[in-house]
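Subject: Handover of a structure

Dear colleague,

Please find below the sequence and structure that I am passing on to you. My notes on what was found in it follow directly after.

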Amino acid sequence: MIEGRINLYSDTQTRPTAAMKEAMVNAPLGDEQSGQDPTTRLLCEKTAALLGKEAAVYLPSGTMCNEIAILVHCRPGDEIYAEKSAHIINFEAGGPSALAGAHIHTIEGTFGMFTAEQLDAAIRVPNRYSPTPRLVEVEQTTNMGGGAVWPLTTIQGVAEVARERGLGLHMDGARLMNAVVASNIEAADFAGPFDSVWIDLSKGLGCPIGAVLAGSQEFIDEAWKWKQRIGGAFRQSGIIAAAGVYALDHHVERLAEDHANARRLADWVTQVDGVKVVPEKTETNIVWIDVGGSGVKAMDISLALEERGINIGAFSPTLLRACTHLDVSAAQVDEAGETFKAVVEALTE
Ligand SMILES: *Cc1c(COP(=O)(O)O)cnc(C)c1O
C-alpha cells in the first residue's frame, strides 16, 4: 500500500500530535524493569483505575497483551471459547496454540458477538477425552464484526455462564474506549466481570506504540514474569508511555468525532447501488463495506482509491474496511466518500 493523503486503512495509522510529542520529550524517566520509571508507573496506575482493576502492566502491543494473558490463564491442552472472527484466532500467528498450547473453540456468533446461550452450548462437560474448558474471550469492540459494541447485559450474561462453568474471563479491549464513548458506559463496568482486560494505545487513542494489560495484583505479577521471560521488559519506557498518559487525558472523548465520521462515510458509500455496510448500523469507528451487489471487485476499488490518494483496504473479493481516526477530518471523509462513489460508478460502467 502506498500511503495516501486520506488514510482510512486502519486506526493504527495515526502519527503522534505535536502536543503528544512534547509530553513524550518532557516525561520523567527511569528503569521500567525494576519499577523505577515514573511515567510508565503513572500510565499503569491510570489504566488500572480506569478499568477498575488492582494492577496493570505496560506492553509493546495488544497482541502481546492477549498472548501473555492467555499464557497466564491456560496450560497446554486447555480450551478457550471465542467468536470465529476474533483477533486471537485470525491475526496472532497461532499464538495461543504456539505459545500456551491452548486450543480455541470457535463460536458462530453475529458481528463478533455471541450470547450466553451459545456459550453455554459450546462449553464442554469436562471428560478424559476433550480439551479442558478454561477461558472465555470477548472482543470489545469487535474488529471483524464491524466495530459493534457488546451490550453490557450480553457481557454480564456471558460472564455468568463462564463463572457457573468454572471458566476464566479475558477481554480483548483493543477498542474498549470506543465502546465506552459510543455507549456512555464506564470502562470499569464493561471490564468488571473479567479477570484480565487490556486497552490498545496505538489504535484510536493515537499513540505510536503500546498497550496496557490489567487484572488482579496476582495476575499482573504472573504477567510480568512472561514479560520478562520473552524480553518485553523495558528500560526508560516513560518516553513512549507518556504518549499513553497524554492520550488517556486528551484523546478519549474525541473518539465521538471518529464515530460520527464513520457514520458519515457509511452514508456516502451506501448511496452507491449494490453497496451496503455490515452491520447496517455503524456504532463506532469501523466500517465494513460490502460491494458484492455492485459487481465490482473490492480490490479494484481499493486500487482505484489508492491512485487518488485514499487508502481503504480490501479484505476479501467483496469486502472493504475503512477505519476513522484522529488524522482524518470530516471534510476528508466527505472527499473519500465522494471519490468512493465516483470510483465504483466508473468501474460499474
Ligand atoms: C489491533 C488489535 C489487536 C492487536 O493489537 P496490536 O497492538 O496491533 O498488537 C488485538 N485485538 C483486536 C481486536 C485488534 O483490533
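In this predicted model, strand E8 (residues 211-215) is largely enclosed by the rest of the structure, because five of its five residues are buried. Buried here stands for under 20% relative accessible area, exposed for over 50%, and partly exposed for values in between (1.4 Å probe, protein chains only). Ala211, Leu213 and Gly215 point one way from E8, while Val212 and Ala214 point the other way, and all are buried. Helices (H or I, at least four residues) and strands (E, at least two) are DSSP runs, numbered from the N terminus.

A word on conventions: residues are numbered from 1 along each chain as its sequence is written, and side-chain values use heavy atoms, with hydrogens and water left out. As the model is predicted, local features need pLDDT of at least 70 and side-chain atom pairs count only at pLDDT 80 or more, whereas totals for chains, interfaces and linings use all residues.

E8 has partners in two strands. Two strands pair if DSSP finds at least two bridges between them. Strand E2 (residues 55-59) pairs with E8 in the antiparallel sense over five bridges, and Leu59 stands opposite Ala211 in E8. E7 and E8 also pair in the antiparallel sense over five bridges; here Val197 stands opposite Ala214.

The largest share, three residues, comes from H3. In total 15 residues surround the ligand, the closest being Gly62, Thr63, Asp172, Asp200 and Lys203; a residue is near a molecule or strand if one of its heavy atoms lies within 4 Å of it. The shell divides into two nonpolar, seven polar and six charged residues. In that division Ala, Val, Leu, Ile, Met, Phe, Trp, Tyr, Cys and Pro count as nonpolar, Asp, Glu, Lys and Arg as charged, and the others, Gly among them, as polar.

An N or O atom in the side chain of Thr63 is 2.7 Å from an oxygen atom of the ligand. For Asp200, a polar side-chain atom lies 2.7 Å from a ligand oxygen, and for Lys203 the distance is 2.9 Å. Taken alone the ligand exposes 380 Å², of which the protein buries 88%; accessible areas come from the Shrake-Rupley method with a 1.4 Å probe, and for residues only the protein chains shown count as cover.

Elsewhere, four strands form an open antiparallel sheet in the order E9-E10-E13-E12. Its edge strands, E9 (276-278) and E12 (313-314), each pair on one side only. Three bridges join E9 to the antiparallel strand E10 (residues 286-290), with Val278 opposite Trp288.

Thr142 sits in the loop between strand E5 (132-139) and helix H7 (152-164) and is buried, with a relative accessible area of 1%. A polar atom of its side chain lies 3.5 Å from the backbone oxygen of Gly145. Thr339, in helix H14 (residues 330-348), is buried with a relative accessible area of 15%. Not counting residues up to four places away in sequence, Thr339 touches Leu305, Arg308 and Ile310, where contact means heavy atoms within 4.5 Å.

With kind regards

Notes:
Polar contact = N/O pair within 3.5 Å; in protein donor to acceptor, adjacent residues only side chain to side chain.
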